[in-house]
Amino acid sequence: MNWAALSTAEPALAGTVEQRFGAFTHHVLATLRKDGSPRTSGIEVRFLGGELWLGMMPDSLKVLDLRRDPRFALQANPGAGTDMGGGDVRISGRAVEVGDGDPAKAGYVEEVEPPEPFHLFRTELTEVTRTYVEDDTYLVVQVWKPGVPVRTLKRT
């Protein structure tokens, strides 16, 4: 399930998530180390051509982690202070590396002009979560999983 599928199924949630990631350049990627413990790293992401892309420096630890175990969690930069306009958003899934000969990578290079060489991963989504405060009263959690409508939980 790619970003285009989420955008079609749940356009309001997808739009909010894109807006939150677009508000800042740097975000936090969680991967799994060789021993299974978590690793967090800074990352820049792109929503382009119906995909959520993760670009990385050559042979970085996050590249090695994702090659070994493609599972990841990605959290949007919440920004300064405690406002978090639009809420806190997180994306989980699997990262699939796109090779140098792949036309998708060539299209990404043409559009983004990243520093070369680099590694590029396309994402397969398993969960998208948005958490925000409503009316200074409720903590609202929206959770989307492939094939299931958004589930909304409110807590006081």
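What follows is a chat about a predicted model and its cores, rings, pocket and backbone.

Colleague: What should I know before reading any values?

Modeller: This is a predicted model, in which local features need pLDDT of at least 70 and side-chain atom pairs count only at pLDDT 80 or more, while totals for chains, interfaces and linings use all residues. Residues are numbered from 1 along each chain as its sequence is written, and side-chain values use heavy atoms, with hydrogens and water left out.

Colleague: How many aromatic pairs are there in the whole structure?

Modeller: The search finds four. Rings of Phe, Tyr and Trp (its six-membered ring) pair if their centres lie within 6.5 Å; planes under 30 degrees apart count as stacked, over 60 as edge-to-face and the rest as tilted. One of the pairs is W3 with F47, which is tilted, at 4.7 Å centre to centre and 55° between the planes.

Colleague: Why does the pair of W3 and F47 tie together parts that are 44 residues apart in sequence?

Modeller: Because W3 lies in helix α1 (residues 3-9) and F47 lies in strand β3 (residues 45-48). Helices (H or I, at least four residues) and strands (E, at least two) are DSSP runs, numbered from the N terminus.

Colleague: Which ring does the charged end of K154 sit over?

Modeller: The ring of Y138, at 5.2 Å from its centre. K105 likewise lies over the face of F118, at 4.5 Å from the ring centre. The rule is that NZ of Lys or CZ of Arg is within 6 Å of the ring centre and within 35 degrees of the ring normal.

Colleague: On to the core. How many residues does the largest nonpolar core have?

Modeller: It has 24, and L54, L74 and I91 have the most contacts inside it. A nonpolar core is a set of buried Ala, Val, Leu, Ile, Met, Phe, Trp, Tyr and Cys residues joined through side-chain atoms within 4.5 Å.

Colleague: Which elements give two or more residues to this core?

Modeller: They are α1, α2 (11-22), β4 (51-56), α3 (61-68), β5 (71-75), β6 (88-98) and β7 (119-134). The largest share, four residues, comes from α2. A second, separate core of six residues includes W53, V98, V112 and F118.

Colleague: Where does L74 lie?

Modeller: L74 lies in strand β5, and it is buried with a relative accessible area of 1%. Leaving aside neighbours within four places in sequence, L74 is in contact (heavy atoms within 4.5 Å) with residues including F21, I43, L54 and I91. The C-alpha atoms of L74 and L54 are separated by 9.9 Å, and the two residues are 20 apart along the chain.

Colleague: And where is I43?

Modeller: I43 is in strand β2 and is buried at 3% relative accessible area.

Colleague: What is the volume of the largest pocket?

Modeller: About 350 Å³. On a 1 Å grid over the protein atoms alone, a pocket is an open set of points where a 1.4 Å probe fits, with protein on both sides within 12 Å along at least five of seven lines; lining residues have an atom within 4 Å of a point. Grid points are joined across faces, edges and corners, and a volume is the space filled by probe spheres set on the points.

Colleague: Last topic, the backbone. Which peptide bond is cis?

Modeller: The bond from E116 to P117, with omega near -5°. P117 lies in the loop between α4 and β7.

Colleague: What phi does D59 have?

Modeller: A positive phi of about 55°, although D59 is not a glycine. D59 lies in the loop between β4 and α3 and is exposed at 51% relative accessible area. D135 also has a positive phi of about 55°, and D135 is exposed at 61%. Most residues other than glycine have a negative phi, and most peptide bonds are trans.

How values were computed: Buried means under 20% relative accessible area, exposed over 50%, partly exposed in between (1.4 Å probe, protein chains only).
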